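Here is a short report on helix packing, the ligand site and backbone geometry. Keep the structure open while reading.

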Amino acid sequence: MNVKNIVVGNWKMNPLTLEEAKCIVQPVKRLAAKLRHTKVVLCPPILYMAPIQSLLKTAKTMAIGVQDIFWNISGAYTGEISPLMVYELGGRYAIIGHSERRALGETDEVVSMKTLLALKANLSAIVCVGEKEHDREGKYLEEVRNQIRASLLNIPKRLVDKLLIAYEPVWAIGRSEEDAMKPEELEAMAIFIRKTLKDIYGEEGRDVKVLYGGSVSPENAALIVKRGNVEGLLVGHQSLSAEHFNEILRSVDGL
Ligand code: PGA
């Protein structure tokens with residue numbers, strides 16, 4: 001498959017049982033087999049990763065990821081999960097620096113350490129950035145640029161082919177479809193993010209895929225990708241309904 005778009009489902013701390021998790025996966029797997037240029041990445045709570053991974057073994061257009069990882073490979077870090085363990089169990093993606101983790105105190109410095117380790121462990125790193133408020137003077141552009149620079153500090157050029165940036169304006173997360181960023185505004189932001197990546201990495205910056213997240217729904221998904229000029233989506237609450245998530249996948253793929 002020639003992958004044009006990546007759609008990531010971030011389940012956060014849901015659903016409460018593995019049975020429910022499997023009920024989401026099965027219909028998505030059936031649809032994903034028909035997709036022509038859209039890759040699907042599911043990021044369930046880490047406890048569900050292995051059982052879901054075994055369901056997805058034959059699904060060529062799908063991959064599994066985690067919602068966070070630790071910044072070291074092994075050692076005395078109670079409660080943490082190594083990127084090598086994730087890879088070993090079949091995980092191929094890691095969301096890093098989600099705004100909900102940043103709100104719990106995760107700094108750009110920690111995000112950059114986690115990103116480096118994830119990439120070294122051969123995981124694709126989905127690094128989340130996004131302004132808290134959308135001020136009229138456009139100060140948020142500076143905020144996003146600084147966040148990207150600091151979150152990617154120490155990430156060498158040779159590792160960027162597995163790097164993705166998920167632009168998620170915090171004010172647009174977890175709301176309804178009309179609260180998502182307008183595609184025209186997103187297009188300008190995507191250009192700005194790509195320019196920032198080019199300033200850091202030169203031509204190799206083009207290898208980094210830019211995704212959008214924040215109240216993506218079946219109604220706005222296709223327009224966000226096409227008009228917003230991004231290479232995919234990070235979907236939160238709508239990825240917990242197989243029906244809605246499948247509609248998003250269908251519309252992005254143009255089925
Ligand atoms: P949402 O979440 O789609 O529910 O807005 C997106 C995210 O937090 O990644």
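## Helices α6 and α7

In this predicted model, helix α6 (residues 139-151) and helix α7 (residues 183-201) have axes that come within 10 Å. The two axes cross at roughly 40 degrees. Axes are lines fitted to C-alpha atoms, for helices over the stretch in contact, and angles run from 0 to 180 degrees between N-to-C directions. Helices (H or I, at least four residues) and strands (E, at least two) are DSSP runs, numbered from the N terminus. α6 and α7 are therefore oblique to each other. Angles under 35 degrees count as roughly parallel, over 145 as roughly antiparallel, 65 to 115 as roughly perpendicular and the rest as oblique.

The crossing of α6 and α7 is right-handed. That term means the near helix is turned clockwise from the far one by less than a right angle; anticlockwise is left-handed. From α6, Tyr140, Leu141, Val144, Arg145, Ile148 and Arg149 take part in the contact (heavy atoms within 4.5 Å). Their partners in α7 are Met189, Phe192, Ile193, Thr196, Leu197, Asp199 and Ile200. By class, this contact has nine nonpolar, one polar and three charged residues. Ala, Val, Leu, Ile, Met, Phe, Trp, Tyr, Cys and Pro count as nonpolar, Asp, Glu, Lys and Arg as charged, and the others, Gly among them, as polar.

## Helices α8 and α9

Helix α8 (residues 221-228) packs on helix α9 (residues 242-253) at about 35 degrees, with axes 8 Å apart. This crossing is right-handed. Ala221, Ala222 and Val225 in α8 meet Ile248, Ser251 and Val252 in α9. The contact has five nonpolar residues, one polar and no charged ones.

## Ligand site

Residues around the ligand (a heavy atom within 4 Å) include Asn10, Glu168, Ser215 and Leu234. Lys12, His98 and His237 are also among them.

Each of these three has a side-chain polar contact (a pair of N or O atoms within 3.5 Å) with a ligand oxygen. The distance is 2.6 Å for Lys12, 2.7 Å for His98 and 2.5 Å for His237.

## Loop between β1 and α1

Lys12 is in the loop between β1 and α1. Its phi is near 55 degrees, a positive value in a residue other than glycine. Pro15 lies in the loop between β1 (5-10) and α1 (18-32). A cis peptide bond joins Asn14 and Pro15, with omega about -15 degrees. Most residues other than glycine have a negative phi, and most peptide bonds are trans.

## Basis

Residues are numbered from 1 along each chain as its sequence is written, and side-chain values use heavy atoms, without hydrogens and water. In this predicted model, local features need pLDDT of at least 70 and side-chain atom pairs count only at pLDDT 80 or more, while totals for chains, interfaces and linings use all residues.

Terms used:
Polar contact = N/O pair within 3.5 Å; in protein donor to acceptor, adjacent residues only side chain to side chain.
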